[in-house]
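Hi,

Here is the structure I promised to pass on. My notes on what turned up are below it.

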Amino acid sequence: MVVPLKPLVRAKSRLAAAVGGALRGRLALAFAEDTVAAVLACAGVRDVVVVTDDPDASAALAALGARIVPDPPGGGLNAALAHGARAVRARRPAARVAALNADLPALRPAELARVLTVARQFPRAFLADAAEIGTTFLSASPGTELEPAFGGASRERHFSSGAVEIRLAGVDSVRRDVDTGEDLAAALALGVGPRTAARWPRAAG
């Protein structure tokens, strides 16, 4: 699983209005930590590669068990994901590879496992976000390029590229990315991971 994370000083800019500038970066890291911890706890995932240049995030996520791969300078999100996929296949050329957003603080390993089970049936498959506009998950079978097209209205781009959309009930935590205060409230309603809860007092109600 490849997880991209931009430098924390620039991460989650749209969330600042809801949580304040001082807390925004700390929450972005907490989201990533809870996401990566849940992915590592998923039986269908062999390992996690985090593509980032942020030193604090690198240290925290490596401590959880992720492998850190430097982000290509100025390449953007999709370049980072393609770079991470190449890093995976440099070690295991026949690996199935997937990409997952770093802002899924309510992620449940069992729900991710269900998504992975369906994804294995197709050369490329994706899961739309809760708004059904973007994408939170994309996978590619062995021998198939990932071809990430994340960002904005990526659901339509991934569909148009030939990836199969996964239509699966009961996987809300895999679809619930957090960009705004409303998104955070929805994630809190699902139940966020311990690091996000610790850094956002309202998680306790």
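Arg155 and Glu132 pair through their side chains in a salt bridge, 3.7 Å from N to O (the term means a side-chain nitrogen of Lys or Arg within 4 Å of a carboxyl oxygen of Asp or Glu). The two sit in distant parts of the chain, 23 residues apart: Arg155 is in helix 6 (residues 154-160) and Glu132 in the loop between strand 5 and strand 6. Helices (H or I, at least four residues) and strands (E, at least two) are DSSP runs, counted from the N terminus.

Before going on, the housekeeping. This is a predicted model, with local features needing pLDDT of at least 70 and side-chain atom pairs counted only at pLDDT 80 or more, while totals for chains, interfaces and linings use all residues. Residues are numbered from 1 along each chain as its sequence is written, and side-chain values use heavy atoms, with hydrogens and water left out.

Back to Glu132, which also forms a salt bridge with Arg175 at 3.3 Å, N to O. That pair again links distant parts of the chain, 43 residues apart, with Arg175 in helix 7. Arg175 counts as buried because its relative accessibility is 16%, whereas Glu132, at 34%, counts as partly exposed. The cut-offs there are under 20% relative accessible area for buried, over 50% for exposed and partly exposed in between (1.4 Å probe, protein chains only). Glu132, Arg155 and Arg175 belong to a network of salt bridges that also includes Glu165 and Arg167.

Over the whole structure, the search gives 11 salt bridges. Another one joins Asp103 to Lys12, with the closest N and O atoms 2.6 Å apart. Asp103 is in the loop between strand 4 and helix 5 and Lys12 in the loop between strand 1 (2-4) and helix 1, so this pair ties together parts 91 residues apart in sequence. Both partners are buried.

Arg124, in strand 5 (residues 124-128), is the one I'd look at next. Which side chain of opposite charge is nearest to Arg124? It is Glu147, at 4.3 Å, and Arg124 is buried with no salt bridge (Lys and Arg count as positive, Asp and Glu as negative; His and the chain ends are not counted). The Arg124 side chain does reach the backbone oxygen of Leu146, at 3.1 Å.

Now the nonpolar cores, meaning sets of buried Ala, Val, Leu, Ile, Met, Phe, Trp, Tyr and Cys residues joined through side-chain atoms within 4.5 Å. The largest has 35 residues, and Met1, Val48, Leu100, Leu112 and Phe137 have the most contacts inside it. Helix 2, helix 3 (55-64), strand 4 (97-100), helix 5 (109-119) and strand 5 each give it two or more residues, and helix 2 supplies the largest share, 6 residues. A second, separate core of 18 residues includes Val51, Ala95, Leu138 and Ala163.

In helix 5, Glu111, Leu112, Val115, Leu116, Val118 and Ala119 are buried. They cover an arc of only 165° around the axis (taken from the directions from the helix axis to the C-beta atoms), which puts them on the same side of helix 5. In helix 8 (residues 181-190), the buried residues are Asp183, Leu184 and Ala187. These fall within an arc of 100°, so they line one face of helix 8. The face turned away from that buried side carries the exposed residues Glu182 and Ala189.

Cheers

Conventions
Polar contact = N/O pair within 3.5 Å; in protein donor to acceptor, adjacent residues only side chain to side chain.
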